[in-house]
Amino acid sequence: MTRSALKKLLVAAASAIAATAAGGAAAFCGFYVAKADTKLFNKASKVVMMRDGDRTVITMSNDYQGELKEFAIVVPVPVVLEEGQIHVTDSAIIDHLDVYTAPRLVEYFDEDPCDRRVYEKMAASPLAGESADGGRRGADSLGVTVEAEYTVGEYDIQILSAKESGGLAAWLTQNGYRLPDGAEETLGSYIRQGTKFFVAKVNLKEQANTGLKYLRPLQIAFESPRFMLPIRLGTVNADGKQEIFIFALTRSGRIETTNYRTVKLPSGMDIPVYVKDEFGDFYKAMFAEQVDREAERAVFLEYAWDMNWCDPCAADPLSNDELRELGVYWTEPVGGRERPEIMPETRDVFVTRLHVSYDAAHFPEDLMFKETGERENFQGRYVLRHPFKGAATCEAGRDYRRDLPRRFESEAQTLATLTGWDIDDIRAKMKSAGQSYTPPPRERWWERLWGRE
Amino acid sequence: METIFRGPLRDARWFQIAGQSIILSIGLLFYGFGVSPAQIAAALIAALAAQWIGARLIASRFDWKSALISGLSLALLLRANDWPPFALAAALAIGSKFAIRADGRHIFNPANFAIVAMLLAGGAWTSTSEWGSAPWFALTIAALGLVSTWRASRLDAPIVYLGVYGALLLGRALYLGDPLAIPALRLSHGALILFAFFMISDPKTTPDDLKERALFVGAAALVAYVLQFHFHISDGIFYAPFLLALLRLAIGAPQRGRPYEWGRAPLNPFASPRRAAAPAE
């Protein structure tokens, strides 16, 4: 960030506080205008993990779009689960968590360089949310033991243990779980590690009773010293890369992966104002570019924050009831008197949002995590800075206008670097969005040396 | 070349300091290492200060190079929310060197002792997720480590350590039927390579005898593996040498000959005890 931009930011921030005092809707470091939620990505799974010591609650949600009766999942789990350890929840809670932690766009309006007044505006963008999971059922043979069977919500669930992968694969195939080629080896690895298998299909009758068009997220609660997320079965079918968003709710601080590099998503940059209308494209392009830059082997940190607050807020922090639903057992239920204002209440919950684009070639092993004591807040945040449009005829105003092309060019360069987009396309779009300027002529190194004629 | 190494660069710690500084610079410039200048300064200053105080107390020479190495190790491997944990860790590291001794030598690798103490106390965590498994980075660390362990006549230590650990990973993958990409990923992890070349190979806290040393280092790899894969303790590599040093202390494992002395090691990369003179810290 340039020094003048920083100065403007500080001024804008100071005036934002003034605006709050005057009743305006403002946040300390800019106005939240748009977010990039997980809906942008195809084949995106969302997993919420509560972890405290060995206690774990995993909430699984994915965007299954096919026939409900076709739905089936196989999840390796460390222990045989009792019925009470399985639960179905409302996908709206995950959507809330998704929006709360989403990378965000904020905008500032430059003040009149000749005056100290500031104009602010707030825009909003819609949010969406859907999720799915499910399955069918079968019988037992081939060294496979059905340890338990339950119907929970719209799901028929079985917990399996197996002696060898061939038998398990055959059992699953007979029971309508379509296994991709190559899944057997991975199943074998899990069996030898003493893993059980949680398999689920949709119970169509129960599903009809819910009156919902989608499948609700499945939850499991267990104790295990292994803090990990099994992703290997999902990589077997090798149908391109898959996206997973991991939301961790912990007590001491953020989580990170121990067997892959965890990298912070670039954040805090000034980018051209036209990105407001294509923030989703921007986020996707930037994410893809960063994945490439890390040789496709990194896990990205998109958000790490104390659950008590946010700034700027893409959504309110989750309520105690929502957090409890996701497994945060140490928060007190609020019951009838739910408080919309969460700020004064302190809760010992830290949220981490990780985003991974993975395939078997680059992520051969499951994601192994550890919880750290890191409590530094981090968010994916991108800044739009609207130039002052008025006359501004004073000396400072002339300086300000003289400086604008340089600033616009730097925004264009930042955007090109972040996303890999073509710089000329960016300049053209800036021009049609009113950020028109003459790009500086390309300076040759010798011109910098002896000056241009 | 031999003459250079017999001259001012005879002390292998010069190479260790250079290697660690280069790795830390790469980490800060290209890998976004989560350690601030204040934290690095706290680790280095506290280590040097503790060393100075310790040297005064036992009336010995102020040996700044070892203290600097301990401080750099902490900057590379430890992470915390603020700088005081780094100062505390550095003081613990150097303090352990003066306070916990047997047969005229310290028992614990100072930085390793501090990392374990901080992990147990809960005030800090390790940087394992910052390193990644990029081959070029792993090779750079190994190349820098080769020079310093060779100069310290301890080249055997990282070789045995990585050999045993790698064999265990490979055996696990074969047993589970896992793709070999998994052990390859684990074995090229930057923090593991750094640990093998710059921590477990510390001449002062490993046995002087080549065979005993191979046993000690091999056992450290085995214990690390067991802690990681059977007890699911992700920082197993750091706990392992700590536990083994405790064991050595408990059974009073004999140390024959004189303590290792920096700058007096023979130019043999895999040295056994030598007949050197003069005491040293």
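B:Asp178 pairs with A:Arg232 in a salt bridge, with the closest N and O atoms 2.9 Å apart. The term covers a side-chain nitrogen of Lys or Arg within 4 Å of a carboxyl oxygen of Asp or Glu. The rule finds two salt bridges across the interface of chain B and chain A. It also finds 14 residue pairs in polar contact there, both residues at pLDDT 80 or more. A polar contact is a pair of N or O atoms within 3.5 Å; within protein, one must be able to donate a hydrogen and the other to accept it, and residues adjacent in sequence count only if both atoms are side-chain atoms.

This is a predicted model: local features need pLDDT of at least 70, side-chain atom pairs count only at pLDDT 80 or more, and totals for chains, interfaces and linings use all residues. Residues are numbered from 1 along each chain as its sequence is written, chains are lettered from A and ligands numbered from 1 in the order in which they are written, and side-chain values use heavy atoms, with hydrogens and water left out.

Stay with the interface. On the chain B side, 26 residues are in contact (heavy atoms within 4.5 Å) with 25 residues of chain A. The two chains bury about 2100 Å² between them, 49% of it on carbon and sulfur atoms. Buried area here is the accessible area (1.4 Å probe) that two parts lose on being put together, summed over both. B:Trp125, B:Ser129 and B:Leu185 supply 28% of the area that chain B buries against chain A, more than any other three residues.

Which elements of chain B each supply at least two residues of the side that touches chain A? They are β4 (125–126), α8 (156–176) and α9 (181–187). Helices (H or I, at least four residues) and strands (E, at least two) are DSSP runs, numbered from the N terminus. The largest share, four residues, comes from α9(B). By type, the chain B side divides into eleven nonpolar, ten polar and five charged residues. Ala, Val, Leu, Ile, Met, Phe, Trp, Tyr, Cys and Pro count as nonpolar, Asp, Glu, Lys and Arg as charged, and the others, Gly among them, as polar.

Now chain A. A disulfide (cysteine sulfur atoms within 2.5 Å) joins A:Cys114 to A:Cys394, S to S 2.0 Å. The link is left-handed, with -90° about the S-S bond. It ties distant parts of the chain, 280 residues apart: A:Cys114 lies in the loop between β6 (104–109) and β7 (144–152), A:Cys394 in the loop between β20 (381–386) and α9 (395–419) of chain A. Strand β6 of chain A also holds A:Glu107. The side chains of A:Glu107 and A:Lys276 meet in a salt bridge (3.1 Å, N to O).

Backbone geometry comes next. Most residues other than glycine have a negative phi, and most peptide bonds are trans. The peptide bond from A:Asp311 to A:Pro312 is cis, with omega near -10°. A:Ala295 has a positive phi, near 55°.

Finally, confidence. The model scores ipTM 0.88 and pTM 0.85. Chain B averages 88. In chain A, pLDDT stays under 50 over residues 1–30 and over residues 117–140.

Definitions and conventions:
pLDDT = per-residue confidence, 0-100.
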